[in-house]
Amino acid sequence: MFTRRGFLKLAGGSLLATLALGGYAFGVEPQLMTRVKRYSLKPPGWPGDLRLRIVALADIHACRPWMPPERIERLVEQANALEPHVIVLLGDYVAGSRIVTDWVPASEWAPALGELKAPLGVHAVLGNHDWWEDRIAQDAGQGPTVARSELEKAGVPVLENDAIRLEKDGKPFWIAGLGDQLALRPGRRWGRKGFRGMDDLDATLEKITDQAPAILLAHEPDIFPKVRHRISLTLSGHTHGGQVRLLGYAPVVPSRFGNRYAYGHVVEDGRHLIVSGGLGCSILPVRFGMPPEIVQIDLGDPAGVA
């Protein structure tokens, strides 16, 4: 017979389990479980002898208490220790949640990111929150955003529908950066009925002026179906892997494609996309089954990175 004492024990155990799970999802995994997610591949159009290590950081969402400057500084140290040839920043440096104790202004988080070091430089794109939380840019319907200005002041170039040609061991390649696809919010205040992007994929690809292999940085992965085979690899963030991920499935993904581009290495029609799970949190400061991650990508011959 199921007694009152048995019921109370079960209820008490369930409550403790719920509290423990909630504590883990709010306090442990989001802040204490940062991992390095590693990929090694030679996508189409990428020479096997062009061995390149990329380290990518996405969705930092600076705020207190979840992502203060001190934590960003530790992430920078971790990224530098991976000895990348190039570092890319995939957008959303600004807080994406109202559940904070304090905002961290760009004048604090940008100098921390300015300490990232790689022989071939650090290159950034902007994310939707870098636009959405910038009232001046939203009112004007254009940039530059505060995020861009402060990153560039810290020595980090921002690519918005632009491309830069780099060389490693005498072998050229391109890094192209797409403007944000959700930059301007809808609202009566601005006379906008829907989101308006700052992205121009065709103009971005026109900046690639030779046949050297190319990498595209695009904050939101939703552009991927339109990316041409000319691009060897697309790198994105934005989704956070859903933040809550169970058995490889995220119940909620901020993408019109759902779980199709939610996380990880995606190959479609011979084209390659890697979506970072990101580092910070958006809306709710919760992560479960999707710990924060720094992404390391080794391109070229799988024998190793020189």
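Which residues lie nearest the centre of the largest cavity? In this predicted model, the residues nearest that centre are His-61, Cys-63, Trp-66, Gly-280 and Cys-281, which belong to a lining of 11 residues. On a 1 Å grid over the protein atoms alone, a cavity is a set of points where a 1.4 Å probe fits but cannot get out, a pocket is an open set with protein on both sides within 12 Å along at least five of seven lines, and lining residues have an atom within 4 Å of a point. Grid points are joined across faces, edges and corners, and a volume is the space filled by probe spheres set on the points. By this rule there is 1 cavity of 30 Å³ or more, and the largest cavity holds about 90 Å³ of space. Its lining comprises 7 nonpolar, 3 polar and 1 charged residues, where Ala, Val, Leu, Ile, Met, Phe, Trp, Tyr, Cys and Pro count as nonpolar, Asp, Glu, Lys and Arg as charged, and the others, Gly among them, as polar.

Residues are numbered from 1 along each chain as its sequence is written, and side-chain values use heavy atoms, with hydrogens and water left out. Local features need pLDDT of at least 70 and side-chain atom pairs count only at pLDDT 80 or more, whereas totals for chains, interfaces and linings use all residues.

The protein has 7 helices and 13 strands, taken as DSSP runs numbered from the N terminus (helices H or I, at least four residues; strands E, at least two). Of its 306 residues, 52% are buried, with buried meaning under 20% relative accessible area, exposed over 50%, and partly exposed in between (1.4 Å probe, protein chains only). Among contacts (heavy atoms within 4.5 Å) between residues at least 6 apart in sequence, 72% join residues at least 24 apart.

A search of the whole structure finds 0 disulfides, a disulfide being a pair of cysteine sulfur atoms within 2.5 Å. For Cys-63, the nearest cysteine sulfur is that of Cys-281, 8.2 Å away. Cys-63 is buried at 6% relative accessibility, and Cys-281 is likewise counted as buried, at 14%.

Leaving out residues up to four places away in sequence, the residues touched by Tyr-93 include His-61, Trp-109, Leu-113 and Leu-151.

His-129, in helix H4, is buried, with a relative accessible area of 7%. Beyond four places in sequence, His-129 touches His-61, Asp-92, Val-94, Ala-95, Gly-96 and Ser-282. Asp-92, found in the loop between S4 and strand S5 (102-103), is buried with a relative accessible area of 1%, and its phi is near 60°, a positive value in a residue other than glycine.

The largest pocket has a volume of about 460 Å³, and of the 22 residues that line it the closest to its centre are Val-94, Trp-103, Glu-133, Asp-134 and Arg-135. Its lining has 12 nonpolar, 2 polar and 8 charged residues. The second largest pocket contains about 390 Å³ of space and is lined by 20 residues, with Gln-243, Val-252, Pro-254, Ser-282 and Ile-283 nearest its centre; by class, these 20 residues divide into 10 nonpolar, 9 polar and 1 charged.
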